[in-house]
Amino acid sequence: MVATMKFRNSCSPLYAKGRIAVVICVLVVMLATLSGCGVKRYGLPVDAEGEVKVMDFEAIRYYGDTAPENLKDSLERWYERYSKATHGKKITMLSLSGGGANGAFGAGFLVGWTSTMTRPQFDMVTGVSTGALFAPFAFLGPGYDAVIKLLYTSYSTDMLVERRSIGYALSGDSIYSTRLMRQVMETFYSDKLIDAIAEEHRKGRMLIIGTTNLDEMRPVYWDIGAIAEYGTPEAYQLVRDVILASAAIPVAFPPVYIKVRNNGYEYDEMHVDGGVTNQVFSYPPSIRLRDELKKMGEERDVELYVIRNDALRSKRTIVAPRIADIASRSLMGLIRNQGIGDLYRIYYTAKRDDVSFHLAVIPPEVDQKSDEMFSPEYMKKLFEIGRSKAMGEKPWLKDLPHDLMRGAF
């Protein structure tokens, strides 16, 4: 989620996100002239050796750019649970991308999909950034559609964040406070809801949320069900912290500091928006999924559904010869093209592993505008576009055309 910032000629939350990045660049220059006197932290030393564990937890996460350690044992434990709870159906996966307020499209798409009576129960759901916010509800099923709609059509940005003083912004870790957002999260991601996630995890289903470890500059994938199974106040809070971290745009929002232990000492890791490293993800390409399933005697079909909360195509505009406009347009392109690269990686990994691929994106002809990062009116319109798309004749792309970036599909 992103803070309220109004700009002329802004055509989407993605554009406004680029404008926030301009503010970030200015702050970086200003900070270079100031001495450090802001937030104190106890970061893990760069030369630290040995295992790093999240405080009081075991086997709850792995880096997204490599195969998990003890992959064989992890898959066997998963399959033992999964095979006991399922019989004869396909294995289905859902990946939800970043996109800020454009997440309203994916939220509406899920609700519309429910109406078609074809929405499956997903065996694995992954989410990053805005996708992380509604991934838990997508994971738990259509019974939470009303919650998804409420989340994406009722909140304006000033109900979620507060602007900090200029002094804090220059010496602290963010422009905005997420105190209000944390209060909202206590309601939406209650202990009871997290217990429900744990119950589904025991059946072999998986909910994975992606963050970025900014110290390492690597994607981290968190097994939310494994955390939820602990059933402690610390586990409930860690689930909420991971979801918040996944949506925490650097500098605009404060990072989330995760406590870890190394060689008997306590430190913290700095986690921010998962979109910094992945706009959308499924399983790591280093895992040859079909081969691993065959080793366990699993021959069922696998289907992967990806909802990309973006239109993919950049519309032509005349960029003003000003630093702010040039930087905004460039950064918007960086974000969008990173997401397209993620889609191609997922697509070709799925093809390699004989996984059926399905992609939903915001239709290229959509021309909704918003002058605020989280405008309820904008999100209501996009929610309905998503709902209608899911109920239409061709809701999914099953192949990625070579001219995907031009939206020619």
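Which residues is Thr114 in contact with, leaving aside its neighbours within four places in sequence? That was my starting point, and I kept in mind that this is a predicted model.

**Entry one: Thr114**

I looked up the place of Thr114 and found it in helix H3, which covers residues 103–115. Leaving aside the neighbours within four places in sequence, I noted Arg119, Pro142 and Asp145 as the residues in contact with Thr114.

Next I turned to strand E11, residues 302–308. Is this strand enclosed or open? I found that seven of its seven residues are buried, so E11 is largely enclosed by the rest of the structure. I went through the two faces in turn. On one side I listed Val302, Leu304, Val306 and Arg308 as buried.

Which strands pair with E11? I found strand E3 (residues 91–96), paired with E11 in the parallel sense over six bridges. Here Ile91 stands opposite Val302 of E11. Strand E12 (residues 356–361) also pairs with E11 in the parallel sense, over six bridges. Within E12, I noted Phe357 as the bridge partner of Leu304. Last, I followed the chain from E11 to E12: it crosses through helix H12 (residues 323–352), and this β-α-β crossover is right-handed.

Definitions and conventions: Residues numbered from 1 in each chain as written. Predicted model: local features only at pLDDT ≥ 70, side-chain atom pairs only at ≥ 80, totals over all residues. Heavy atoms only, no water. Helix = DSSP H or I, 4+ residues; strand = E, 2+ residues; numbered from the N terminus. Contact = heavy atoms within 4.5 Å. Buried < 20%, exposed > 50% of the residue type's maximum accessible area, 1.4 Å probe, protein only. Pairing = 2+ DSSP bridges. Right-handed = clockwise from strand over helix to strand, strands pointing away.
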